[in-house]
Amino acid sequence: MKKFVITIARQYGSGGKTIGKMLGEELGIKVYSREILKLASEESGINETMFNQADEKLKGTSLFRIMRKEYHGELIPPESEDFLSNQNLFNYQAKVIRDLAEEENCVIIGRCGDYVLKDLPNVVRVFVHASPEYNLRMVLERGAYSGKDVEKYIQQTDKRRSDYYKYYTGHEWTDARNYDLCLDSEKLGFEGCVETIKGYLKVRFGEDVLD
């Protein structure tokens, strides 16, 4: 099997995470999502709770609009007062993502993986989306959210992901130019998305890429 990494960004409810896991199982490679936070904690020595809380600190604030912190790869040393800053927490997650990309074939879910790995030639960047009606139906069927206003929660989650992406990359989350493939999971189905990604791997890297 040739060396490659697949990053998946996804709208909430579109099934992007499930598609990533299915793809990983079929290809026999690991899938990393929130596991990245644990690895970043081990790498930095910073409690994993801090990484979990970092996103929460940015919710509902104006930081995204007034003060972007685009990722450039630098780690802040422990002696700095900014060692525990959101920026440095993101930097450690990014370092983990880059290390994984160097070490193994894998699937990276979210965490601006497409941007963090944008300069690597063996990365396939995927965005999974679907209609609002489909995403709502999928969230309800899977019982992914137990609150009252599910539609509002989906909108807020996607807004949060979009803001997070813009804050750390300077780019628009839904801009097709950020990705190699933009897949409509409603039209293709989960299996169809998996097969499309596998087909793209063969076209781009050669028929023997998965051998």
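Helix 8 has 20 residues and spans 28 Å from its first C-alpha to its last, close to the 28 Å expected at 1.5 Å a residue; the expected span is 1.5 Å times one less than the number of residues. Helices here are DSSP runs of H or I with at least four residues, strands are runs of E with at least two, and both are numbered from the N terminus. The model is a predicted one, in which local features need pLDDT of at least 70 and side-chain atom pairs count only at pLDDT 80 or more, while totals for chains, interfaces and linings use all residues. Residues are numbered from 1 along each chain as its sequence is written, and side-chain values use heavy atoms, with hydrogens and water left out.

Let's stay with helix 8 for a moment. Its buried residues include V150, I154, T157 and D158, as well as Y164, Y167 and Y168; buried means under 20% relative accessible area, exposed over 50% and partly exposed in between, with a 1.4 Å probe and protein chains only. After the helix comes G170, which has a positive phi, near 80°.

Now for the rings. A pair of aromatic rings is described by the distance of the centres and the angle of the planes. Rings of Phe, Tyr and Trp (its six-membered ring) pair if their centres lie within 6.5 Å; planes under 30 degrees apart count as stacked, over 60 as edge-to-face and the rest as tilted. By this rule there are eight aromatic pairs. One of them joins Y12 and Y153, and it is edge-to-face because the centres are 5.6 Å apart and the planes stand at 80°. This pair links distant parts of the chain, 141 residues apart: Y12 is in the loop between strand 1 and helix 1, and Y153 is in helix 8. Y12 counts as buried at 15% relative accessibility, whereas Y153, at 23%, counts as partly exposed.

F127 and W173 form another edge-to-face pair, with ring centres 5.2 Å apart and planes at 85°. F127 lies in strand 4 and W173 in the loop between helix 8 and strand 5, so the pair ties together parts that are 46 residues apart in sequence. F127 is buried at 4% relative accessibility, and W173 is buried at 6%.
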